[in-house]
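This briefing is meant for someone meeting the structure for the first time.

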Amino acid sequence: MRIKKIKPYIYLLPALLLAVMFVYYPFIRSIVSSFFNISISGKFNSFCFLDNYKALLTDDVFYLSLKNTFIFMLMFVPLNTIFVIALVILTLKRNRLTNIAEGIFMLPMTIGLSSAALLFKFLFNETNGVINSILRHDILWSSNVFPARLSLVFLGIFLDLSIDYLLLLSATRNLDRGPIEAAMVDGCTGGQIFFKIKLPMLLPILSFIVFIAIKDALLICSPIIVMTEGGPARSTQTIVYYYYLSAFKNSAISKAATISTLVFIIAAIILSLYKRFEKRRITF
């Protein structure tokens, strides 16, 4: 009898051990490391309490990275949400063409992040890129600030497209038909039905998509490493990319740990605001 009670926990043990080794332990060690001076080899030299935080909060590059992160977030999140809604509207009614379109929209899910970043780096190449050839205009995608940020936004939309589209399309096709059919009987147009009936019903999944987009914008790093390397003039250097430079380029372990802790605090604040919004929406 006792073995039967323990058996489920035995099955969970390998996953729990992996989580402890690769998630919880590094996370706790990172927080602890932010209060110490650490050598390049990872040795804890001396306890400095809040000195690392004071140094980081007086670092102009840190504030620039934070600013760039929120600029990217403000560009990416609305465009990503609008784009996904537009694709769902186009493929809402099932036919042969929408089946092909759905397959195309699912393709980004099969492409790895680094591969997609390399593909976009080629597409947005200033000299022989496909985008400039199509537009017939020499846009300096990697040399000017706004085009460089915009290319990262397009890559972010491409990377998030499949899962966001799948979630929203599934939710839309499984809506309660009662209010929709009543609106059709009353003579409402397709646009009125979507924006005044379907969209409010889709608010939970839309808020989830927005939250995931905010999370992705906050943690963006790998696409920057491949596409822009933080340029031009650090205009695409985000907070997590700054962590990458501190940890792996400059071997500033204490600084990197402090940055990661602050990123966690920012993410926790965003999560709490999202939870509060969800609670107020459900109560309302």
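In this predicted model, the axes of helix α9 (residues 190-201) and helix α10 (residues 203-218) come within 5 Å and cross at roughly 65°. Because angles of 65 to 115 degrees count as roughly perpendicular, α9 is described as roughly perpendicular to α10.

**The contact of α9 with α10**

- On the side of α9 the contact is made by L199, P200 and M201, while α10 contributes L203, P204 and L206.
- Sorted by kind, the residues of this contact are six nonpolar, with no polar and no charged residues among them.

**Helix α3**

- Helix α3 covers residues 60-90, and its 31 residues should span 45 Å at 1.5 Å a residue, which agrees with the 45 Å between its end C-alpha atoms.
- At the start of α3, the backbone nitrogen of V61 is reached to within 3.0 Å by a side-chain oxygen of D59.

- D59 belongs to the loop between α2 (51-57) and α3, and D59 counts as buried because its relative accessible area of 14% is under the limit of 20%.
- The side chain of D59 is also joined to the side chain of K255, through a polar contact of 3.2 Å.
- When its neighbours within four places in sequence are left aside, D59 is in contact with Y242 and K255.

Technical notes. Residues numbered from 1 in each chain as written. Predicted model: local features only at pLDDT ≥ 70, side-chain atom pairs only at ≥ 80, totals over all residues. Heavy atoms only, no water. Axes fitted to C-alpha atoms, helices over the stretch in contact; angles between N-to-C directions. Helix = DSSP H or I, 4+ residues; strand = E, 2+ residues; numbered from the N terminus. Parallel < 35°, antiparallel > 145°, perpendicular 65-115°, else oblique. Contact = heavy atoms within 4.5 Å. Nonpolar A, V, L, I, M, F, W, Y, C, P; charged D, E, K, R; others polar. Expected span 1.5 Å × (residues − 1). Polar contact = N/O pair within 3.5 Å; in protein donor to acceptor, adjacent residues only side chain to side chain. Buried < 20%, exposed > 50% of the residue type's maximum accessible area, 1.4 Å probe, protein only.
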